[in-house]
Amino acid sequence: MLKSTALSWLIVLLGNVALAQVATYPLERNASLEAFHHANPDYVFQPTAKYKFGTRDTLSLPFFDDFSTSTLYPDSSKWLNNQVYVNNQFPIFPPTLNVATFDVLNAQGLPYNNTINKDFIGAGDSLISQPVNLEEEAGTPYTVADSLILSFYYQPNGNGYHLNAEDKIMLWFKAANGLWFSVWSKTGVPESQDFEQVLVPILDPNYLHKGFQFMFTTHTRQVANANHWHIDYVLLDKDRDRAVQTHDDYAIQSTPTSLLQTYWAMPYEHFSTSPSTFMADSVKFWISNLAGVDKRLQVRHEAFANGVQRANTLFAANSNNHLAEGKKQRNLAAYDISNIANTGEVEVKRLVEVTEQGIPNDIRVNDTIQFTQTLHDYYAYDDGSAERGFGFDQNTNPSNIEGEIAYGFDVVKSDTLYAIATYFNQAVFDVSRNKFKYRIWKELSGVNGGEGDSIIYESEEMTPTYSIANGVRTFTPFPLDTTLVLSPGKYYIGWWQGSMFNLNVGWDMNYGNTQNPQRKNPNLFAKIFGQWSNDVPDGTLMMRPHFGSSRELYAGVFDFEKSFATPLVYPNPAKTVVNFGKTFDDVRLLNMQGQEVLFAQNVSSLNVAEVQSGTYFIKLTNNAGEQFTSRISIIAP
């Protein structure tokens, strides 16, 4: 009886552990900013030539920025610094598309002082306005009776990693004597909240000077790409009523959903087997109405697939009513993207626009969105943007046990699976030397009626590779070393690891811009103690299976500067020596599993005479730290 009770408790314990086995973690850096600076090493946020006579003119009222026209950084004609990150992936339902996100990363997207320490609290990002003239207008002095008010919307967390009571965001005003004074603050909360508007009146005449500035700052734990605050729709103007918290404006809030029902992308040849089966019945997106009255808003869209127009709707005659100070989902009819000649890659360039009864809004920049959806040779649930890293929770699971992650895809056409692509994040815990194996399953035990784990492929042990191509953080391909032809049906890709650590694979919190992004992917499973579980966070994993003929994927890891845009790697195939055309600081020859075969420094060639025949990657690093990866075949002499 005692043994039976003990066994029952053990089963309960293991079951509870299994249900808490995976977690998402904050990112260590901002890959978009980091890649931008590698691609643009001479970039300057405040170029002198941008301003007349090399000086900055004081701005006049109104001061307005909703960040809709900015990319990565705020507008330098309105702001003095660029520590914040302008984006639309971290906020949830912002007032308008794009916000300024505050984290604990510098302007290059790296941790402040190259330090990550959750126990140290210090300065995070700041955002400082250009000087604004609050002294006079056309020779008439401003007074506090002019009802000068600064307003903005803020959101804690969003899709970012959570805050706590130790974290704070503050607003400061600059007085005529040059001193800054705190006029508003908010402490962190663990859960995300809706955007809330704040109105701060200027009631002290000491702020009424020509060099007035305002500044947002954060005081927070030093935890890198985490502890997020989001600021949007900043407005400073006169003759405002503090009781009126609305704006005569409306805007697009979200990127429209995928054209596909289940995936963000799938192989076009697979899609072509039954286009109507895979197409979504409509495209959905959200519009915000910031006004104090209802709005009758009309929408339209355009689409070009590989340059051929596939949609061009007029603004709907029966406009849709949008309640005051509310948001609303709008639907656009699906359109045909079948029968395209080039099936290797189909780019659908999409445009969505909003107007009020056919009359353009005064602020047009936030009423239109343009973006591209690509159908290539892979299945993808994700949209390519990582907000967190995903893996096993090394803080709660025993360290000496195995773990597996399996990710299900419904293959609809008999085809060759030739590669698995994984979006590896560099995150708070360094796992760059931790080993794992790729696995592919036909069935999982206890999942969708599976009687047992049916493994049809397993790689050698390997370590993660962090890739950036063409200035953008991207997926790292793993080409299979065997021909694997899959008939139609359900398959799972993923990995096995021999101990508990977080591999930090990219995690898309938006679930690929699906119609319901705040949900978990029902096709993702984790396993420890012999039990598969779908108890995973909201969002989706960033792994993709590639089908068809083998090709060069995500080529390059950091582009070369323009003078070395096409470095020589020859001969290819090679028998005894591979030449590079110039000297590189670091040269590595990797096999198809990512394992290092040869290593050399300060060389312009590599002796491969003792290397076995096969296909390899050569990774070159120049003296600027930039990298380039090329595939090469070696034929043993």
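L541 has contacts (heavy atoms within 4.5 Å) with D382, F390, I405, Y407, W495, V505, G506, W507 and L524, leaving aside neighbours within four places in sequence. L541 is also among the residues with the most contacts inside the largest nonpolar core. This is a predicted model, in which local features need pLDDT of at least 70, side-chain atom pairs count only at pLDDT 80 or more, and totals for chains, interfaces and linings use all residues. Residues are numbered from 1 along each chain as its sequence is written, and side-chain values use heavy atoms, with hydrogens and water left out.

**Confidence**
- The mean pLDDT (the predictor's confidence in each residue, from 0 to 100) of the protein chain is 85, and 88% of its residues reach 70 or more.
- Residues 1–20 have pLDDT below 50, and this stretch has 14 contacts beyond near neighbours in sequence.
- Residues 555–566 also have pLDDT below 50, with 31 contacts beyond near neighbours in sequence.
- Where pLDDT is low, the predicted coordinates should not be read in detail.

**Cores**
- A nonpolar core is a set of buried Ala, Val, Leu, Ile, Met, Phe, Trp, Tyr and Cys residues joined through side-chain atoms within 4.5 Å.
- Buried means under 20% relative accessible area, exposed over 50%, and partly exposed in between (1.4 Å probe, protein chains only).
- The largest core has 75 residues; F271, I405, W495, L541 and M543 have the most contacts inside it.
- A second, separate core of 34 residues includes L148, Y154, L208 and W229.

- Strands are DSSP runs (E, at least two residues), numbered from the N terminus; two of them pair if DSSP finds at least two bridges between them.
- Six strands form an open sheet in the order 26-25-31-23-33-34, with antiparallel pairing.
- Strand 26 (454–458) and strand 34 (531–533) are at the edges with a single partner strand each, so one side of each has no neighbour in the sheet.
- Strand 23 (residues 403–411) and strand 31 (residues 489–497) run antiparallel, joined by nine bridges.
- Y407 stands opposite I493 in strand 31.

**Strand 22**
- Five of the five residues of strand 22 (residues 388–392) are buried, so this strand is largely enclosed by the rest of the structure.
- Strand 1 (residues 22–25) pairs with strand 22 in the antiparallel sense over four bridges, and Y25 stands opposite G389.
- Strand 32 (residues 505–508) pairs with strand 22 in the antiparallel sense over three bridges; there, G506 is the bridge partner of G389.

**V223**
- V223 lies in the loop between strand 12 (214–222) and strand 13 (229–237).
- V223 is buried, with a relative accessible area of 11%.
- Not counting residues up to four places away in sequence, V223 touches V104, I116 and K118.
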